[in-house]
Amino acid sequence: MPGVPGLVVAACRSALGTAHRDDVARAAAQVSDWSGLAAAAVRHGVLPLVHAALADAAPLVRPAIPPDVLDELRRRFDENALRNIELARHLVQLAQRLATEGIAFMPIKGPTLAIAAYGDLALRQFGDLDLVIHRRDLARVRALLGADGFVPTNTVPESLDGLAVGTDYHLPLRSPASGIAIEVHWALGRRGLGSLRRPDWAWSNASTVALLGRDLPTLDREAQIVYLCAHGAKHDWSQLARVCDVYAAIRGPATVDWDRVRTIASRARVGRMLSVGLGLCDALLGADLAARGWTGSPDPAARALIAEAHMRCLTDRQLSTGDALRLQLRARDRMVDRFLLSVDVLSSPHVADLKTVTLPVGFRALYYLMRPLRLAAKYGRRLIVR
């Protein structure tokens, strides 16, 4: 892995404790074009880790890295850290308001993952806030956030708002004034994810984390590992950060309860996604999870997905819409889960379908026919499974 990709991976390994500063120095010595380093680190969501590793290895790598590259990394690191603090403060304030209103909530990813997995708010790159709530509280949460200037990023005619929410599992909102984005979830994925679709799943696997002096609910360690593997699969493992998050949740002084991880993954029907996520920790980060007690072995389908994701992550190869859907289907454990995902993606009306045309109330069922027709017209043969 010569060049910038190799250095980014080596830096992440070093920052996460699976490699040494010497490995970073050797990777830096192989870089001939430094112009894309910061951009690659940002694109993979690992700029804080890259900066931390290069700062730690500064005496060894400084002769190889141009000063302006180090300056850019530092500037971007500082910008990210300040942004993270701003988002964390907003999350704590929002948590206080939700608690006052008696609304159960759980932050996922974002600042709480940075603290729980990395131990440092500045060491994770994130751009928005994610909350899990009960579906019954959606209207109240939406009104509360609306009073703060948050509006849906995917707008549809008001008469279709209920249909748009009813066929989805989360609602993205954004404040034009502050630029802060919040995703409100009432489930943790599309159909075909077993218990992750249950409204009480997050609260059945809850722990707490201290953020800016306030204890907030979060997923416990074993549930976090499973969720992050499912989330990485959702995003086709297109960013190295997805793999780093999984390993960051695993590492630490306490032993992971792998039996519980397997049980949670089995009930969520994401055993293959778990195998792929853990396999990528070994393949990309040199994690050696067997030494941490993991005894699972990926099946042939999972091994193929690991190899493909490994190569795609290093080459930044973008997937077509059809390829992405096929990959999502291959990541599912069971045929019924593939069917449910296919129905969700290809048949259930999404915001783009609802924005295309407004149908009278008595004809709303036709949206379920419009979805596949619109996709066929837009993507044609790219959506046909080879």
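Guide: A term for residue classes is needed at the start: Ala, Val, Leu, Ile, Met, Phe, Trp, Tyr, Cys and Pro count as nonpolar, Asp, Glu, Lys and Arg as charged, and the others, Gly among them, as polar. By these classes, the lining of the second largest pocket has 8 nonpolar, 5 polar and 3 charged residues. The model is predicted: local features need pLDDT of at least 70, side-chain atom pairs count only at pLDDT 80 or more, and totals for chains, interfaces and linings use all residues. Residues are numbered from 1 along each chain as its sequence is written, and side-chain values use heavy atoms, with hydrogens and water left out.

Visitor: What makes a space a pocket, and what makes it a cavity?

Guide: Both are found on a 1 Å grid over the protein atoms alone: a cavity is a set of points where a 1.4 Å probe fits but cannot get out, and a pocket is an open set with protein on both sides within 12 Å along at least five of seven lines. Lining residues have an atom within 4 Å of a point. A volume is the space filled by probe spheres set on the points, and grid points are joined across faces, edges and corners.

Visitor: Which residues lie nearest the centre of the second largest pocket?

Guide: Of its 16 lining residues, these are Ala116, Ala117, Asp220, Arg221 and Ala249. The pocket holds about 240 Å³ of space. Helix H7 gives the largest share of the lining, 3 residues. Helices (H or I, at least four residues) and strands (E, at least two) are DSSP runs, numbered from the N terminus.

Visitor: Why is H7 called oblique to H12?

Guide: H7 and H12 pack at an angle of about 50 degrees, with their axes 8 Å apart. Angles under 35 degrees count as roughly parallel, over 145 as roughly antiparallel, 65 to 115 as roughly perpendicular and the rest as oblique. Therefore H7 is oblique to H12. Axes are lines fitted to C-alpha atoms, for helices over the stretch in contact, and angles run from 0 to 180 degrees between N-to-C directions.

Visitor: Which residues make the contact of H7 and H12?

Guide: Leu113, Ala117 and Tyr118 of H7 meet Ala241, Cys244, Asp245, Ala248 and Ala249 of H12, where contact means heavy atoms within 4.5 Å. By class, 7 are nonpolar, none polar and 1 charged.

Visitor: What is the handedness of the H7 and H12 crossing, and of H11 passing H13?

Guide: A crossing is left-handed if the near helix is turned anticlockwise from the far one by less than a right angle, and right-handed if clockwise. H7 and H12 cross in the left-handed sense, and H11 passes H13 in the right-handed one. The axes of H11 and H13 come within 9 Å and cross at roughly 50 degrees. So H11 is oblique to H13.

Visitor: How many cavities of 30 Å³ or more are there?

Guide: There are 2. Among the lining residues are Trp237, Arg272 and Gln328. The second largest cavity holds about 40 Å³. Helix H10 (residues 201-204) gives the most to its lining, with 3 residues.
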